[in-house]
Amino acid sequence: MVAIVDDEKAVCRAIGRLVMSAGFEPQIFSSAEEFLRSCHEHRPDCLILDLRLPGMSGLELQQQLATSPCRTPIVFVSAHDDPPSREQALRGGAFAFLSKPFNDTVLLETIHSAICRDHRGE
Amino acid sequence: MEGPFGMATPSMTSMNEMRRSGISVVGDRPWGTHFCNFYESRKDLLGMLVSYFKAGLEDNEFCVWVLSEPLSEKDAWEGLREAVPEFDDYASRRSIEVFDGRDWYLKGGAFDSSRVMTAWNEKIDRAMDRGYAGLRGTGNTAWLQNKDWKAFSDYEQLVNDSVVGRRAVLLCTYALQSCGANELLDVVGTHQFAMAMRHGNLELIETPELKVAKAEIKKMNDELESRVHQRTQELEAANRKLAQAQAELAHINRVVTIGELTASIAHEIKQPLAAIVGNAKAGVRLLDRPSPDTEEVKHALADIAEQGDRAAEIISRISAQMKSVKTEKTAVDINETVREVIALAHRELENHGVSVRMELASTLAPVTGDRVQLQQVILNLIMNGVEAMDLVASHPKALLIESESDRSKVFVSVRDSGMGVDAENGKRIFEAFFTTKPQGMGMGLAISRSIIEEHGGQLTFSPNSDQGTTFRFTLPCAT
């Protein structure tokens with residue numbers, strides 16, 4: 001299952017459809033808080049996470065997940081060119097940081113690689 | 001101190017305040033009015049004076065009626081009681097005093113002008129002390145004999161000269177049949193204006209002095225009106241200029257923050273673009289599956305359409321914000337325009353660590369153009385240069401702005417020491433929406449070139465021999 005956290009509903013649906021087309025099951029959340037409420041029940045195999053969210057930001061969610069049982073590989077996506085945030089996300093252990101609009105092949109291959117690495121326990 | 005009927009205290013009224021005369025042909029007159037009436041009949045005299053004092057009593061004036069034959073004190077009281085509502089109230093408050101003329105003017109048996117002047121002044125002072133607006137007085141001259149004429153005439157002149165500046169209105173009444181031609185002239189000459197019954201009607205006779213004074217006042221009023229009108233026009237013109245300058249400044253401010261504006265607008269565009277491209281790519285993949293999920297593809301296409309509309313709306317908003325409200329072609333000093341833009345962009349330059357050198361021609365021909373648009377172009381070239389030098393670490397970030405002109409053209413160049421423009425990008429640099437910057441909108445150079453070309457000029461660029469790029473524009477000189 002691939003979780004998608006983005007307050008832009010249309011972007012969520014687009015990523016969801018891409019993920020579905022690659023054979024994964026998408027689950028869409030419009031805020032970090034909404035994701036946190038459900039991740040204990042269904043830990044995703046990968047998290048597609050927008051940088052800027054209402055309430056808790058993507059980076060804050062990353063920090064919280066780092067010490068949580070819901071820890072999962074994170075692929076950040078953002079429409080902002082924000083080098084400091086990008087650096088922080090990657091230093092915090094993000095698998096990748098992709099800019100919107102993203103290339104579909106790159107996104108799907110990144111998700112695939114993230115899940116494989118996680119399963120190998122790297 | 002309040003007057004007897006709670007009316008405005010003297011301190012609240014001014015010397016220029018007009019007072020009702022109660023006599024229609026006289027109308028309203030200011031304090032310091034001294035006028036006379038030539039009467040023929042007792043009835044006309046009584047009627048006129050009752051109206052005169054009715055107005056005074058109603059307007060909180062202290063009234064002094066100095067009468068002689070043909071009128072008696074009884075005539076005065078009865079006339080007033082009949083004509084003035086609540087007259088008894090005024091009488092009980094002693095708002096009006098009635099004197100016999102001989103007692104007033106001939107106290108001690110002879111006419112003494114200074115004694116009479118003192119008496120009037122005391123009445124005026126007493127009126128003020130008691131809270132009245134001023135004094136309204138009348139004196140009948142039927143007691144006057146030939147032997148006192150000259151003295152009385154001199155006294156009238158003294159009253160005429162000294163009543164101005166005092167809160168008093170004084171009406172002197174003369175029996176017409178008692179006045180010969182010389183007396184008439186004397187009386188008219190010692191009052192501001194005169195009234196007389198002619199053909200059954202009360203008419204005004206203006207003295208020459210009053211006519212001249214009125215003409216002078218009219219002339220001064222006309223001059224004042226003209227000056228006020230001129231000043232108003234100047235003020236309106238200044239206000240219009242100020243409003244225009246403020247609008248220009250607001251426009252320039254908008255332009256200065258266009259970097260910030262484009263960053264946020266770019267973010268807005270990227271969201272619908274991500275949804276459009278994501279949905280389109282997903283649609284293709286979903287159709288490629290062994291069992292195409294056409295329903296989901298339909299939803300994806302609907303999302304693409306919706307996000308396309310959203311992107312179009314964002315672009316419309318950008319166009320509206322960047323559009324200049326109006327263009328106004330005037331003679332523009334390009335050097336001054338460069339200095340204005342540098343002043344505006346000063347903070348941005350400092351923040352980016354860019355030093356600016358200006359080598360502007362000492363005499364530069366003016367160009368005909370829209371000053372605000374030309375400011376926009378210069379600002380765009382400067383900000384492009386600043387951004388081109390953002391990643392420079394190996395040498396100082398320096399901007400050089402030059403201007404020169406020949407007989408037909410003005411040349412302006414903006415030289416940076418930045419990354420330069422490669423040949424490939426150089427071919428597209430003026431295209432709308434083309435940008436080498438991740439956050440750039442790609443509108444600045446396209447708009448700048450469009451503005452310059454619309455002004456009959458050209459915008460070009462060339463790589464510098466060492467590093468960076470120089471952008472140059474030409475404009476025709478104003479004819």
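Helices (H or I, at least four residues) and strands (E, at least two) are taken here as DSSP runs and are numbered from the N terminus. The structure is a predicted model, in which local features need pLDDT of at least 70, side-chain atom pairs count only at pLDDT 80 or more, and totals for chains, interfaces and linings use all residues. Residues are numbered from 1 along each chain as its sequence is written, and chains are lettered from A, with ligands numbered from 1, in the order in which they are written.

Chain A contains five helices and five strands, and from the N terminus its elements follow the order β-α-β-α-β-α-β-α-β-α. A residue is termed buried if 20 or more other C-beta atoms lie within 10 Å of its own, exposed if 12 or fewer do, and partly exposed in between, with C-beta atoms placed from the backbone. By this criterion 45% of the 122 residues of chain A are buried. Two residues are in contact if their C-beta atoms, placed from the backbone, lie within 7 Å. Among the contacts in chain A with a separation of 6 or more, 61% are between residues 24 or more positions apart.

The loop between strand 5 (96–99) and helix 5 (104–120) of chain A holds Pro101(A). The peptide bond leading from Lys100(A) to Pro101(A) is cis, with omega near -10°. Elsewhere in chain A, Glu25(A) lies in the loop between helix 1 and strand 2 (26–29). Glu25(A) counts as partly exposed because 13 C-beta neighbours are found inside 10 Å. When residues up to four places away in sequence are not counted, Glu25(A) touches Met1(A) and Val2(A). The C-alpha atoms of Glu25(A) and Asp45(A), which are 20 residues apart along the chain, are separated by 9.9 Å.

Chain B also has a cis peptide bond, between Glu69(B) and Pro70(B), with omega of about 20°. Pro70(B) belongs to the loop between strand 4 (61–67) and helix 2 (73–83) of chain B. Two residues of this chain other than glycine adopt a positive phi: Asn60(B), at about 60°, and Glu86(B), near 55°. Asn60(B) is placed in the loop between helix 1 (42–58) and strand 4, whereas Glu86(B) is placed in the loop between helix 2 and helix 3 (87–92). Asn60(B) is buried, since 22 other C-beta atoms lie within 10 Å; Glu86(B), with 12 such atoms within 10 Å, is exposed.

Strands are considered paired if DSSP finds at least two bridges between them. In chain B, five strands form an open sheet with mixed pairing, in the order 11-13-14-16-15. Strand 11 (355–360) and strand 15 (458–463) stand at the edges with a single partner strand each, so one side of each lacks a neighbour in the sheet. Within this sheet, strand 14 (residues 409–415) and strand 16 (residues 469–476) run antiparallel and are joined by seven bridges, with Ser413(B) opposite Arg472(B).

Strand 10 (residues 329–332) and strand 12 (residues 367–370) of chain B are likewise antiparallel, and four bridges join them. Ala331(B) stands opposite Thr368(B) of strand 12. One face of strand 12, formed by Val367(B) and Gly369(B), is covered, while the other, formed by Thr368(B) and Asp370(B), is uncovered. In helix 12 (residues 371–388) of chain B, 18 of the 18 residues are buried.

A nonpolar core is defined as a set of buried Ala, Val, Leu, Ile, Met, Phe, Trp, Tyr and Cys residues joined through C-beta atoms within 7 Å. The largest such core has 50 residues, of which Leu49(B), Phe53(B) and Trp65(B) touch the most other members. Helix 1 of chain B gives the most to this core, with nine residues. Beyond its neighbours within four places in sequence, Trp65(B) is in contact with Leu49(B), Phe53(B), Ala76(B), Ile96(B), Val98(B) and Thr138(B). A second, separate core comprises 44 residues, including Cys12(A), Ala14(A), Phe35(A) and Phe97(A).

The contact between the chains takes 17 residues from chain A and 22 residues from chain B. On the side of chain A that touches chain B, helix 1 (residues 9–21) gives the most, with nine residues.
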